[in-house]
Amino acid sequence: MATRMLTPPAPFDISARASHAWSKWKTAFEYYIAATGVTEDAAKRTILLHCVGPDVQQLFATLNGGTSYTSAMSALTGYFVPKKNVAFERHSFRQCEQRDSESVDEYYMRLKTLSSTCEFGANEDDHIRDQFIDKCNSKSLRRRLLREPDLKLTGLLSIARAAEAADRQASAMEMKNSTPSSEHVDEVTARQGYRAPNDRRDQQCSARGQECRKCHKIGHYSRVCRSSSSKGVNSVAEELSNFQPFDDEIASHHDNGSETGETHATDTHRLFTIGQSRNKTRVKIADIEIDN
């Protein structure tokens, strides 16, 4: 009854020649057969051959599988998992380094998988411990682990997991503290004479996004620039390029200028005035006077 209630593992894919594929299937079957409660050797052998599927059944007929469950499983394992070169397997194990993006547990599981073919026996945990200390990517963690006089693999994993969690939490806190607040950004940009384009106070401002030709900052025109206005007359042409040309009324008024040499515009069209006194030239632009 118990057998009918359990789902056996799917038939083994005979094309999966990788040794770990059979090892995974074998482990799944052993859990299944243990859960069924079947202990009779002949029954276990029959269930094994039923579960592996017809392709493996045909292969098994060519092997010396014996008549017991143990001999049948050994024959299949010997075929799908050929004898390993232990020296090469241990070399591969010693080359295993922790990757930059690899967590403590991910690195441990990779070492555990590689060690399974190294025939370390009872010393397997010690080899994994030594490899972890030697090839982990954190120098501070390595120093911490080396301070332990009688470190076991379980203790190593406990320390490494705690250090990993602490590093992750500290990084999150430091990132939060290094991010400038919106109030700080507003204060800095206000000191620089600029407001962000999405500031609701500036949605109707015509200077939004415009570059000042005087100080080259964004957010205002040169005629209202608060930077130093002390310039020589030779730079007046640059300032005048910010304004529109005279209309006919202003040009006519200019031709009939006063004896003082001043040129005026109407109150609604005034752009600039130029006057001369002795050896000085006085230029007035948008209420800013420049003497030279």
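At what angle do the axes of helix H7 and helix H8 cross?

## Packing of H7 and H8

In this predicted model, the axes of helix H7 (residues 104-115) and helix H8 (residues 124-135) cross at roughly 135° and come within 10 Å. H7 is therefore oblique to H8, and the crossing of the two helices is right-handed.

On the H7 side, the contact is formed by Val104, Tyr107, Tyr108, Leu111, Lys112 and Ser115. H8 contributes Glu124, Asp125, Ile128, Gln131, Phe132 and Lys135. Sorted by class, the contact of H7 with H8 comprises six nonpolar, four charged and two polar residues.

## Aromatic pairs

Across the whole structure, a search finds 11 aromatic pairs. One of them is the stacked pair of tryptophan 22 and phenylalanine 80, with 5.0 Å centre to centre and 20° between the planes. This pair links distant parts of the chain, 58 residues apart: tryptophan 22 belongs to helix H2 (residues 19-36) and phenylalanine 80 to helix H5 (residues 69-80). Tryptophan 22 counts as buried because its relative accessibility is 0%; phenylalanine 80, at 1%, also counts as buried.

Tyrosine 107 and phenylalanine 132 form a tilted pair, because their ring planes lie at 45°, with the centres 5.3 Å apart. Since tyrosine 107 lies in H7 and phenylalanine 132 in H8, the pair ties together parts that are 25 residues apart in sequence.

## Aromatic cluster

Tryptophan 22 and phenylalanine 80 also belong to one aromatic cluster, formed by Phe12, Trp22, Trp25, Phe29, Tyr32, Tyr69, Tyr79 and Phe80.

Notes: Residues are numbered from 1 along each chain as its sequence is written. This is a predicted model: local features need pLDDT of at least 70, side-chain atom pairs count only at pLDDT 80 or more; totals for chains, interfaces and linings use all residues. Side-chain values use heavy atoms; hydrogens and water are left out. Axes are lines fitted to C-alpha atoms, for helices over the stretch in contact, and angles run from 0 to 180 degrees between N-to-C directions. Helices (H or I, at least four residues) and strands (E, at least two) are DSSP runs, numbered from the N terminus. Angles under 35 degrees count as roughly parallel, over 145 as roughly antiparallel, 65 to 115 as roughly perpendicular and the rest as oblique. A crossing is left-handed if the near helix is turned anticlockwise from the far one by less than a right angle, and right-handed if clockwise. Contact means heavy atoms within 4.5 Å. Ala, Val, Leu, Ile, Met, Phe, Trp, Tyr, Cys and Pro count as nonpolar, Asp, Glu, Lys and Arg as charged, and the others, Gly among them, as polar. Rings of Phe, Tyr and Trp (its six-membered ring) pair if their centres lie within 6.5 Å; planes under 30 degrees apart count as stacked, over 60 as edge-to-face and the rest as tilted. Buried means under 20% relative accessible area, exposed over 50%, partly exposed in between (1.4 Å probe, protein chains only).
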